Amino acid sequence: MKRITAIIKPFKLDDVREALATVGISGMTVSDVKGFGRQKGHTELYRGAEYVVDFLPKCKLEVVVADDEADKCIQSIINAAHTGKIGDGKIFVSDVERVIRIRTSEENEEAI
């Protein structure tokens with residue numbers, strides 16, 4: 001199994017969710033996060049004073065899928081989140097050793 005973690009622009013979240021639903025992904029975890037990469041940050045004006053906003057708002061989306069579903073899941077995220085501008089985000093893929101559904105004690109693929 002694979003855990004796919006995507007950091008995307010907040011306004012792209014609905015597009016990514018819909019794209020994942022079309023490839024059969026029914027569950028995910030979403031968090032509002034802040035961060036920066038090459039995009040750095042930007043300067044804003046507040047009451048006449050200029051200040052730097054170092055951390056930009058992003059959404060962190062986490063999905064655990066079977067190994068054979070990982071590539072189509074990743075491609076769906078790329079297609080839906082892409083704007084072609086700096087700050088589109090990143091996707092991280094890692095192995096998951098074990099998954100357990102607390103309610104039923106099902107494990108691994110049955111628990112996803």
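**Reading salt bridges and backbone angles**

Me: Arginine 101 has a relative accessible area of 27% and is called partly exposed. Why does arginine 101 count as partly exposed?

Reply: Please keep in mind that this is a predicted model. A residue is buried under 20% relative accessible area and exposed over 50%, with partly exposed in between, so arginine 101, at 27%, is partly exposed.

Me: Which side chain does arginine 101 meet in a salt bridge?

Reply: To read such a contact, look for a side-chain nitrogen of Lys or Arg within 4 Å of a carboxyl oxygen of Asp or Glu. Here the partner of arginine 101 is glutamate 106, with 2.6 Å from N to O, and glutamate 106 is itself partly exposed, at 29% relative accessibility.

Me: How many salt bridges does the structure hold?

Reply: There are 6 salt bridges in the structure, and one of them joins the side chains of arginine 98 and glutamate 107, with a distance of 3.0 Å from N to O. Arginine 98 counts as exposed because its relative accessibility is 53%, whereas glutamate 107, at 30%, counts as partly exposed.

Me: What does lysine 9 meet in a salt bridge, and are the two residues buried or exposed?

Reply: The side chain of lysine 9 meets that of aspartate 88, and the N to O distance is 3.8 Å. This pair links distant parts of the chain, since lysine 9 lies in the loop between strand S1 (2–8) and helix H1 (13–22), while aspartate 88 lies in the loop between helix H2 (70–81) and strand S6 (89–95), 79 residues apart. Both residues of this pair, lysine 9 and aspartate 88, are buried.

Me: Turning to the backbone, what is the phi of serine 105?

Reply: The general idea is that most residues other than glycine have a negative phi. Serine 105 is a residue other than glycine, yet its phi is positive, near 65 degrees. You will find serine 105 in the segment after S6, where it counts as exposed because its relative accessibility is 52%.

Me: Where is asparagine 108 found, and what is its phi?

Reply: Asparagine 108 is found in the segment after S6, and although it is not a glycine, its phi is positive, at about 55 degrees. With a relative accessibility of 24%, asparagine 108 counts as partly exposed.

Methods. Residues numbered from 1 in each chain as written. Predicted model: local features only at pLDDT ≥ 70, side-chain atom pairs only at ≥ 80, totals over all residues. Heavy atoms only, no water. Helix = DSSP H or I, 4+ residues; strand = E, 2+ residues; numbered from the N terminus. Buried < 20%, exposed > 50% of the residue type's maximum accessible area, 1.4 Å probe, protein only.
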